[in-house]
Amino acid sequence: MSQPSAVTPLRHRLRQGRDRLATLLITAGGIGVIAAVMAIGVFLVVEVVPLFWSAAGGAEVSLGVLWLPQEYPGLEAPVHRWQPTLPASDPGPRFGMAPLAWGTLEAAAWSLVIAVPLALGAAAHSALFMSRRLRAHLKPTLELMEALPGVVIGFVAGLVLAPWLERHLGFGLTLVMLLPPGLLLAGGLWGRLPARLRQYLPLGWAALWLLPWMGMLWALALWLAPWLEAWWFDGDLRAWLETSLGLDYANRNALIVGMAMGFAVMPSIYALAEDALSGVPKSLADGAQALGASRWQTLWRVVLPAASPGVLSAVMIGAGRAVGETMIVLMASGNTALMTASPFDGLRSLAASIAIELPEAAPGGTHYRLLLLAALLLFAFTFLVNTLAEVVRTRLRRRYRRLGGAP
């Protein structure tokens, strides 16, 4: 009779030992990650410091050379240039990093312009209006898009999307002009349908029954594009842009990069925002609609404010990924270090420059240290964006808890 009582404490001690071991491993892993991140930051700082201060007392480059326009032989006005490798006959390398920083921010901005509205719209519809049965199939599919390698997306964007859009630039513009009013028209027509017909087109399944409507808009844009291009742009939109607006359309440009990176960033923003919106208690939305609020008023004034910490974190994390993306920018941008606001010009980012030039840079040289400075800038930007997102999320969560009467 004493044997079971002796085995029970032994099992209890073994269970406690496993729990302590798991806790120790998790704590060690967390400390290891923090230590690794700090070690990367310290390594980059140590390697970059000799650029601006050395034991001999001289700096290899100055901040003015890096971030201000410089005068070069043969040019009338000071310009920004990034040309670290030049022939011996040239006066010397040009280390202006402003074009790289500009290209990085421009690519990230265009990707967010494309990704954020689509991702947040899809997240709102999925969390609040979509049928549970359809959501159970579509949400995992959209989240799996995040697993697509950036090199595959960049390959498709550079070798398929860019040449196709160059040949069908008028069709692309027509489609962009038709989609917003076309979708609004679909919503207006659905609202005017009799209740009996709306039962066959429920709002929760709009993601499916809108597909034929999108196909009709595509066919309409394909039919209208030649007429609009001949009427408004003298039959050649690309030539009209160059002659009338002075915009040269490059085959691989910031717009192509924005579309490709937006496609890559969209799944992560969607997943995080959808989780945040789904976490809002359904009683809040039901109560608002019971008091007479429309679906749009409920979404805009009740659900979004309550989910704003998670939505903001999703957007900030997407921005951090867009800034650090390498392969898509490398394959779809043309890698031209320009500082222009035109979406039809190429660009060059900090991450792409590191990937291209670091294998050929001599360790310890100025070029090598400048590339590590670019890595340090990316590291600092990502760290600051993630920290800011966490701080704002925490403050907003505390604010809405106080408004809701929670402790």
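What follows is a short chat about a predicted model of one chain.

Reader: Before we start, what are the ground rules for this predicted model?
Author: Residues are numbered from 1 along each chain as its sequence is written, and side-chain values use heavy atoms, with hydrogens and water left out. Since it's a predicted model, local features need pLDDT of at least 70 and side-chain atom pairs count only at pLDDT 80 or more, while totals for chains, interfaces and linings use all residues.

Reader: Ok, how many helices and strands in the chain?
Author: The chain has 15 helices and two strands. Those are DSSP runs numbered from the N terminus, with helices being H or I of at least four residues and strands E of at least two.

Reader: Is the chain spread out or a compact globule?
Author: Spread out: its radius of gyration is 27 Å, well over the 22 Å that the globule rule gives for 407 residues, so the chain is more spread out than a compact globule. That radius is taken over C-alpha atoms, and the rule is 2.2 Å times the number of residues to the power 0.38. The C-alpha trace spans about 85 × 80 × 40 Å along its principal axes.

Reader: What share of the residues count as buried?
Author: 34% of the 407 residues. Buried means under 20% relative accessible area, exposed is over 50%, and partly exposed is in between, using a 1.4 Å probe and protein chains only.

Reader: And how many of the contacts join residues at least 24 apart?
Author: 75%, among contacts between residues at least 6 apart in sequence. Contact here means heavy atoms within 4.5 Å.

Reader: On to helix packing. At what angle do α10 and α12 cross?
Author: At roughly 155 degrees, and their axes come within 8 Å. That makes α10 roughly antiparallel to α12. Axes are lines fitted to C-alpha atoms, for helices over the stretch in contact, and angles run from 0 to 180 degrees between N-to-C directions. Under 35 degrees counts as roughly parallel, over 145 as roughly antiparallel, 65 to 115 as roughly perpendicular, and the rest as oblique.

Reader: Left-handed or right-handed, that crossing of α10 and α12?
Author: Right-handed. On the α10 side the contact residues include Met261, Ile269 and Leu277, and on the α12 side they include Val303, Val311 and Arg321.

Reader: How do helix α5 and helix α10 cross?
Author: α5 (residues 150-167) and α10 (residues 254-278) cross at roughly 140 degrees, with axes that come within 10 Å. The two are therefore oblique to each other, and their crossing is right-handed. Among the residues making the contact are Ile153 and Leu161 of α5, plus Met259 and Phe263 of α10. By class, that contact has ten nonpolar, no polar and no charged residues.

Reader: And α11 with α12, what's the angle?
Author: About 130 degrees, with axes 10 Å apart; α11 covers residues 282-290 and α12 residues 295-324. That makes α11 oblique to α12. The contact is made by Leu284, Ala285, Ala288 and Gln289 of α11 and Arg295, Thr298, Val302 and Val303 of α12. Those split into five nonpolar, two polar and one charged residues.

Reader: Glu357, buried or exposed?
Author: Glu357 counts as buried too, at 9% relative accessibility. It lies in helix α14 (residues 350-357). Leaving out residues up to four places away in sequence, Glu357 touches Trp82, Pro84, Arg348, His367 and Leu371.

Reader: Which residues other than glycine have a positive phi?
Author: Asp234 is one of them, with a phi of about 55 degrees. Asp234 is in the loop between α8 and α9 and counts as exposed at 66% relative accessibility. Asn335 is another, with phi near 55 degrees, and Asn335 lies in the loop between α13 and α14.

Technical notes. Nonpolar A, V, L, I, M, F, W, Y, C, P; charged D, E, K, R; others polar. Left-handed = near helix turned anticlockwise from the far one by under 90°.
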